[in-house]
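Hi,

Here is the structure I promised to pass on to you. Have a look through it first, and then read on for what turned up.

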Amino acid sequence: MRSSRNSVAHVAALAVGASLMGGALAPHASAAGPVKLVPKAYVVEVSFNTIRLDGSGGIEAYGTLAAESWGDPADNVKLHRNFGGFEDLNGVGAWHSAGPTEKRDMEDGVTYRFADTGLCNSTESYFCSTTDYKNNNKIRITVKPNRTVSALATVNDYDLLSGDDRACAVTARLPWLTAAELYDLDRNISAGMADDGNGSCGVGLTIKTVDYIY
Ligand SMILES: [Ca+2]
Ligand SMILES: [Ca+2]
């Protein structure tokens, strides 16, 4: 009995709240018609989807992915996902199962999905400020109109007896984006690096607006 009385009171309170909200919102739906709000900024998601190496001979990989709102240094934001630890050799694991500080074993001609390996979050290249986890291959940044978006991926090959080699370094930077272009931004990009003596690579990305800031 008590719970049913409480739920009636709760429903009544919700109804009052709803009608107050309706009253507060009413002026927007005036005779002049609804106000069309223009976002101040856009939440853009950079998804690092795939990477493939060719001609590397196979590597012990560590790397960094980054997305940047770019255009005005005063409000540039750059966020990273990192994997494979840093210079120390902490062993090598498979792409799907490597521990946080292990290098990733990568072979030529295989398309690897960034969602399938552990990535950590950071505001810096290579250093982690969180633990690493799978399905962490999307970075969201806030982008104002007339700015643009840069996405960068760098993967290195750890070498015990010589300097580490750069296995992949690509940058995808969109042209300057107007508010209208940002509103429904949704692009698939293939960013490639030609063979620089350590092999070539291709990275598949999606850059997409997922929310609006008013
Ligand atoms: Ca190596
Ligand atoms: Ca080397």
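Let me start with the aromatic rings. Ring pairs join Phe48, Phe83, Trp95, Tyr112 and Phe114 into a cluster. Please keep in mind that this is a predicted model. Searching the whole structure gives 9 aromatic pairs. One of them is Phe48 with Phe114, an edge-to-face pair with 6.4 Å from centre to centre and 85° between the planes. This pair ties together distant parts of the chain, 66 residues apart: Phe48 belongs to strand S1 (residues 41–54), while Phe114 is in the loop between strand S6 (111–113) and strand S7 (120–122). Phe48 and Phe114 are both buried.

Tyr62 and Tyr126 make another pair; their ring planes stand at 65°, so the pair is edge-to-face, with the centres 5.6 Å apart. Here too distant parts of the chain are linked: Tyr62 is in strand S2 (residues 59–70) and Tyr126 in the loop between S7 and strand S8 (138–143), 64 residues apart. Tyr62 has a relative accessibility of 3% and so counts as buried. Tyr126, at 17%, counts as buried because the cut-off is under 20%.

Is Asn82 buried or exposed? Asn82 is buried, with a relative accessible area of 1%. A polar atom of the Asn82 side chain lies 3.2 Å from the backbone nitrogen of Tyr126, and the side chain of Asn82 reaches the backbone oxygen of Phe127 at 3.0 Å. Beyond its neighbours within four places in sequence, Asn82 is in contact with several residues, including Gly63, Thr64, Leu65, Cys120 and Glu124.

Two charged side chains also sit over rings. Lys103 has its charged end over the ring of Tyr158, 5.3 Å from the ring centre. Arg173 lies over the face of Trp70, at 3.8 Å from the ring centre.

Finally, the metal site. Which protein atoms are donors of the calcium ion (ligand 2)? They are Asp159 (OD), Ser162 (OG), Gly163 (O), Asp165 (OD) and Asp165 (OD), at 2.3 to 2.9 Å from the ion. Along the chain, these donors follow the spacing D-x2-S-G-x1-D. Asp159 counts as buried because its relative accessibility, 18%, is under 20%, whereas Ser162 is partly exposed at 44%.

Happy to talk any of this over.

Best wishes

Conventions. Residues are numbered from 1 along each chain as its sequence is written. Chains are lettered from A and ligands numbered from 1 in the order in which they are written. This is a predicted model: local features need pLDDT of at least 70, side-chain atom pairs count only at pLDDT 80 or more; totals for chains, interfaces and linings use all residues. Side-chain values use heavy atoms; hydrogens and water are left out. Donors are N, O and S atoms within 2.8 Å of the metal (3.2 Å for Na, K and Ca); water is not among the atoms, so sites may look incomplete. Buried means under 20% relative accessible area, exposed over 50%, partly exposed in between (1.4 Å probe, protein chains only). Rings of Phe, Tyr and Trp (its six-membered ring) pair if their centres lie within 6.5 Å; planes under 30 degrees apart count as stacked, over 60 as edge-to-face and the rest as tilted. Helices (H or I, at least four residues) and strands (E, at least two) are DSSP runs, numbered from the N terminus. A charge sits over a ring if NZ of Lys or CZ of Arg is within 6 Å of the ring centre and within 35 degrees of the ring normal. A polar contact is a pair of N or O atoms within 3.5 Å; within protein, one must be able to donate a hydrogen and the other to accept it, and residues adjacent in sequence count only if both atoms are side-chain atoms. Contact means heavy atoms within 4.5 Å.
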